[in-house]
Amino acid sequence: MIIVNLDVMMAKRKISLTDLAARVDITPANLSILKTGKARAIRFSTLERICEELHCQPGDILEYQPDQLPAGDKE
């Protein structure tokens, strides 16, 4: 499972969704979809522009967490 921590990085950098969207040339609606973790994909060029604006690494925005199996289930 991929967790999107874009909201955390935006808060740390004190930048609004509207401002970041304008700076990376993406619609606020599409940035919101990414920020809420509902996006199914992201272009590397978009990720690169976001990282440039937030002065961060892709790993600061995207995090991998293994799926958790319900208690009692085995692989």
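In the predicted model, Asn-5 has a relative accessible area of 18% and is therefore buried, the cut-off for burial being under 20%. Asn-5 is situated in the loop that links strand E1 to helix H1. Apart from its neighbours within four places in sequence, Asn-5 makes contact with Asp-60, Ile-61 and Glu-63.

Helix H1 spans residues 6-13, and its buried residues are Leu-6, Met-9 and Met-10. These residues lie on the same side of H1, because the arc that they cover around the axis is only 100°. Ala-11 and Lys-12, on the other side of H1, are exposed. The packing partners of the buried residues of H1 are strand E1 (2-4), H2, H3, H4 and helix H5 (58-61). After H1 comes Lys-14, which has a positive phi, near 55°.

The largest nonpolar core comprises 18 residues, of which Leu-6, Met-10, Leu-20, Leu-31, Ile-50, Leu-54 and Ile-61 touch the most other members. Two or more residues of this core are contributed by each of H1, H2, H3 and helix H4 (44-54). Contacts of Leu-20, with neighbours within four places in sequence left aside, are formed with Leu-6, Met-10, Ile-15, Leu-31, Glu-53 and Leu-54.

The loop between helix H2 (17-24) and helix H3 (28-35) contains Asp-25. With a relative accessibility of 69%, Asp-25 is classed as exposed, since the cut-off for exposure is over 50%. The C-alpha atoms of Asp-25 and Ile-15 are separated by 15 Å in space, and the two residues by 10 positions in sequence.

The largest pocket has a volume of about 180 Å³. Its lining is formed by Ile-26, Asn-30, Ile-33, Leu-34, Ala-39, Ala-41, Ile-42, Arg-43, Ser-45, Thr-46 and Arg-49. H3 and H4 are the elements that supply two or more residues to the lining of the largest pocket. By residue class, this lining consists of 6 nonpolar, 3 polar and 2 charged residues.

Note on methods: Residues are numbered from 1 along each chain as its sequence is written. This is a predicted model: local features need pLDDT of at least 70, side-chain atom pairs count only at pLDDT 80 or more; totals for chains, interfaces and linings use all residues. Side-chain values use heavy atoms; hydrogens and water are left out. Helices (H or I, at least four residues) and strands (E, at least two) are DSSP runs, numbered from the N terminus. Buried means under 20% relative accessible area, exposed over 50%, partly exposed in between (1.4 Å probe, protein chains only). A nonpolar core is a set of buried Ala, Val, Leu, Ile, Met, Phe, Trp, Tyr and Cys residues joined through side-chain atoms within 4.5 Å. Contact means heavy atoms within 4.5 Å. On a 1 Å grid over the protein atoms alone, a cavity is a set of points where a 1.4 Å probe fits but cannot get out, and a pocket is an open set with protein on both sides within 12 Å along at least five of seven lines; lining residues have an atom within 4 Å of a point. Grid points are joined across faces, edges and corners, and a volume is the space filled by probe spheres set on the points. Ala, Val, Leu, Ile, Met, Phe, Trp, Tyr, Cys and Pro count as nonpolar, Asp, Glu, Lys and Arg as charged, and the others, Gly among them, as polar. The arc is that of the directions from the helix axis to the C-beta atoms.
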